[in-house]
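Me: I am new to this structure. Please show me how to read its features.

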Amino acid sequence: MEPVKVGLVGLGTVGSGTVNVLTRNAKEISRRAGRGIELVHAAARDIAKRRSCPTDGIALTTDPFEVVNNPQISILVELIGGTDLALEIVQTAIANGKHVVTANKALIAKHGNEIFAAASEKGVMVAFEAAVAGGIPIIKAIREGLAGNQIQWLAGIINGTGNFILSEMRDKGRDFADVLAQAQELGYAEADPTFDVEGVDAAHKLTILASIAFGVPLQFERVYTEGISHITREDVKYAEELGYRIKHLGVARKTDVGIELRVHPTLIPSRRLIANVDGVMNAVLVYGDAVGPTLYYGAGAGSEPTASAVVGDIVDVTRTLTADPENRVPHLAFQPDALSDLPVLPVEEVETAYYLRMRAADRPGVLADVTRILSDQHISIEAIIQKEPALDAKEVSIIMLTHTLRERQMIEALQRIEALASITGSITRIRVEQLGAA
Ligand code: NDP
Ligand code: HSE
């Protein structure tokens, strides 16, 4: 059979990794796909730039639309990132009847609903395994491997850069900014690294995971998003003292009244496997009613780990080129006309436990004032640590762990505690998840 012809837009970290993997493993890949896969045309901003992959035999251009409109090409691989030009490229490819493979989570989270509708109309596939958790085949696992389950919840470390920063801060006492700079050098970070540190990238990925887990439309704008930039080394240390690790988690949970969609730093018991996932590694814990908890682990970012997922999609698409569209795995796991309209819950309705850290005047009665406010809001305390003041200091740090409560109660309590004259500045609040049985 004729090799399938592929066009690639973007020859950066993931694009060059994709060329390297396709070239190095060409034989193995064609044995799996049932035919050869030939990269014939690629676009980058600067085609004179030295690349970390071979480009001989590939026609190069600075105009992505030359690739998208090349009639020879059956599969268009989009690896430039962003949501403007990338959307135009993907829409044009679909309109041209080409299948699309992308690693672009921002694009899928924000425009996936319209992209999949257009693709279904044209009878083409849009594959996006690399968009979530880098090299971990988590989309395939949930969409196909767990198809017999009602997924109850999932929780994941789904941003490699953020996990790398938190791990280096904890293990080596390094500064936030230094570690971020290193993550950028290593090609882990997004073009705009605030997406990594402020949780936007994880929110894009959670949007996708929640859709394929629960069969709801993509709803990025409904994800509650908090980043890691306010986490201090102190918090990391106090969490350890309490038997926890701080991880930046994406959590999606189905309840009777709606779906929780939230991304935030989280204290997890240190004994959990996922609490020990460090560096650029990602892990996603998925709880299905039949299977129970399952855990998926691997590199969450980087050139070849991500290329592994991109190439896996190219092979998948190649295998199913001849299948009737209605016999293919649906983009969002559930048939498009069977998506549910379960609402996404406002974060005020979410129930979790909390870690609190506050700076308080070192004088009698302060702790009693704080605990009275908590008690007024029916918040019970599970653990409390009061640190000795540093020499000559007039303030102490108070650290608390609470039992589970509704976010609304915590917001009200924190407003009242922060208004106390004896409390300085704002209170650090980090949610706690046990991640045990459902
Ligand atoms: P890079 O910045 O390394 O690469 C982007 C590539 O796109 C470059 O080759 C650049 O060309 C090219 N490009 C950008 N704009 C244009 C344009 N207007 N016309 C032609 N070419 C253009 O990004 P990454 O490889 O890191 O990321 C690509 C995608 O993969 C993003 O969506 C990202 O979110 C996603 N992703 C990234 C991961 C990672 O670990 N890096 C992991 C998972 C997903 P030039 O090289 O000449 O500048
Ligand atoms: N910037 C992303 C991360 C790349 O660090 O996880 C992988 O999606």
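Me: In β5, which residue is the bridge partner of Ile-75?

Reply: Strands of a sheet pair through backbone hydrogen bonds, either parallel or antiparallel. Here the partner of Ile-75 is His-99 in β5. Strands β4 (residues 75-78) and β5 (residues 99-102) pair in the parallel sense over 4 bridges. Strands (E, at least two residues) and helices (H or I, at least four) are DSSP runs, numbered from the N terminus. Two strands pair if DSSP finds at least two bridges between them.

This is a predicted model: local features need pLDDT of at least 70, side-chain atom pairs count only at pLDDT 80 or more, and totals for chains, interfaces and linings use all residues. Residues are numbered from 1 along each chain as its sequence is written, and side-chain values use heavy atoms, leaving out hydrogens and water.

Me: What is the strand order of the open sheet?

Reply: The order of its 6 strands is β3-β2-β1-β4-β5-β6, with parallel pairing. The edge strands, β3 (59-61) and β6 (126-127), each pair on one side only.

Me: How do I read an aromatic pair?

Reply: A pair of aromatic rings is described by the distance of the centres and the angle of the planes. Rings of Phe, Tyr and Trp (its six-membered ring) pair if their centres lie within 6.5 Å; planes under 30 degrees apart count as stacked, over 60 as edge-to-face and the rest as tilted. The count here is 3 aromatic pairs. Phe-116 and Phe-128 have ring centres 5.4 Å apart and planes at 35°, so this pair is tilted. Phe-164 and Tyr-188 form an edge-to-face pair, with 5.7 Å between centres and 85° between planes.

Methods
Chains lettered and ligands numbered in written order.
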